[in-house]
Amino acid sequence: MQKEAKSQATLVDPTREVNSFEFLPSWTLQIPMVLIALFWALRLGRLNFFSAVNPSMAFGGLFMYSKSEIMEKLAPSNRPQTLILKPNTPEDSILAQLKSLNMDFPLFAKPDLGERGRGVSKLNSPKELAAYLDHFANETLLLQESISLHQEYGVFVLKDPKTGKLQISSITAKIPLQVLGDGHSKVIELCKNHPRASRYLHEIPSDLLEYVPEKGQIQKLSDYGNHCRGAAFVDQREWISPEIIQSFEQICAPLDGFYYGRLDVKVQELADLAHPEQIKVLEINGANSEPIHLYSSHFTYLEAIEELINHIGYMAAIARINLRKTSAYPGILELIRNLKRYSKLQKSSGHRGS
């Protein structure tokens, strides 16, 4: 499997590679995840056991948790400069704050309560900011500086609550939508003959569609590392090393109460994952995290289910330890109330998947 993963990473355009299930309806993975979680809920005697996996995050980071609260615990050198906007903040006040912080467009915007790519947008101008504010007027929002580092990865960490020892179970390259030029075809023509780009024509800026890339030119079509926006995920677990583990031990050291989840990070090149000072963390995901290497093209559906079984098992093992320390986690009624609120947010903002 590792040899296959390595060969994918060296392909000129790995986004052409797809597996047999990644474009199936989302319930094909969500239903097994729910069943696996219910199994562990019965074993642990707690329907909401996931709340205990990351005590520092609301509901363990499954939903309705603040992105900014966990991100602010990181060392400043490891996080993007971020402006937190309360609901209905006037636009002129926002622009003044951006100027005082020397933050300029383009910026990335996202709701503070959200996950799996919900509401993530690149804003190139004050006009686009105004439209975004109008759409998410009643939510706390984050404006992040655009990070110029070239490569994005999802790094899944597991931390033993007893010993503090950290493991990395997954490293996955997140490659935004792209096509390979042939010197004579327009982008729109290249996309129509591309197994991935053909599904995401709506994500491609219209001014790119008539462009003719040179032969051998990789033409980037998107700025997003989300699968729902066309990004390909490439398994890079063969790169897990003591040096990278030590690097993420240092990055995660300030994150008290965080034991399970995926850090989405940017670096200039993969080897920089071994150097914490070279890493920018874009987002921290908790109990809602998937080990996204399972979307690599060499994975079968059954292998993906096996990865989910393993990782939800890790979650349950961590939760079991934390539940022994205290049972003071949100109850079922609070869980139901917040599920209803979460559902309303998803509908109001047009939810996108991972």
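Here is a walk through the structure, from the overall picture down to a few individual residues.

What you're looking at is a predicted model, in which local features need a pLDDT of at least 70 and side-chain atom pairs count only at pLDDT 80 or more, while totals for chains, interfaces and linings use all residues. Residues are numbered from 1 along each chain as its sequence is written, and side-chain values use heavy atoms, with hydrogens and water left out.

Start with confidence. Where pLDDT is low, the predicted coordinates should not be read in detail.

Now for the overall build. The protein has nine helices and 11 strands; these are DSSP runs numbered from the N terminus, with helices being H or I of at least four residues and strands E of at least two. Of the 354 residues, 52% count as buried. As for the cut-offs, buried means under 20% relative accessible area, exposed means over 50%, and partly exposed is in between (1.4 Å probe, protein chains only). Among contacts with a separation of 6 or more, 74% are between residues 24 or more positions apart.

Next, the helix packing. Two packed helices are described by the angle between their axes and the distance between the axes. Here the axes are lines fitted to C-alpha atoms, for helices over the stretch in contact, and the angles run from 0 to 180 degrees between N-to-C directions. Take helix 2 (27-44) and helix 8 (residues 301-325): their axes come within 10 Å and cross at roughly 30 degrees. That angle makes helix 2 roughly parallel to helix 8. The labels go like this: under 35 degrees is roughly parallel, over 145 roughly antiparallel, 65 to 115 roughly perpendicular, and the rest oblique. The crossing of helix 2 and helix 8 is right-handed; a crossing gets that name if the near helix is turned clockwise from the far one by less than a right angle, and is left-handed if anticlockwise.

Which residues of helix 2 and helix 8 meet? From helix 2 come Thr28, Leu29, Pro32, Met33, Ile36, Ala37, Trp40, Arg43 and Leu44, and facing them in helix 8 are Tyr301, Ile305, Leu308, Ile309, Ile312, Gly313, Ala316 and Arg320. By class, that contact of helix 2 with helix 8 holds 13 nonpolar, two polar and two charged residues. Nonpolar covers Ala, Val, Leu, Ile, Met, Phe, Trp, Tyr, Cys and Pro, charged covers Asp, Glu, Lys and Arg, and the others, Gly among them, are polar.

Helix 4 (residues 91-100) and helix 5 (residues 126-135) pack at about 130 degrees, with their axes 11 Å apart. That makes helix 4 oblique to helix 5, and their crossing is right-handed. Glu91, Ile94 and Leu95 in helix 4 meet Pro126, Leu129, Ala130 and Leu133 in helix 5. The tally for this contact of helix 4 with helix 5 is six nonpolar, no polar and one charged.

Now some backbone details. Most residues other than glycine have a negative phi, and most peptide bonds are trans. With that in mind, look at the loop between helix 2 and helix 3 (67-71), where Phe59 lies. Phe59 has a positive phi near 50 degrees, and at 4% relative accessibility it counts as buried. Met64 is found in the loop between helix 2 and helix 3 too, with a positive phi of about 55 degrees; Met64 is buried at 9%. Further along, a cis peptide bond joins Phe105 and Pro106, with omega about 5 degrees. Pro106 is in the loop between helix 4 and strand 2 (107-111).

Asp235, in strand 9 (residues 232-235), is buried at 2% relative accessibility. The C-alpha atoms of Asp235 and Ser296 are 5.7 Å apart, although 61 residues separate them along the chain. Asn285 in strand 11 (residues 280-285) is buried at 3%. Leaving aside neighbours within four places in sequence, Asn285 is in contact with Tyr65, Phe258, Tyr260, Gly261, Arg262 and Asp264.

Notes: Contact means heavy atoms within 4.5 Å.
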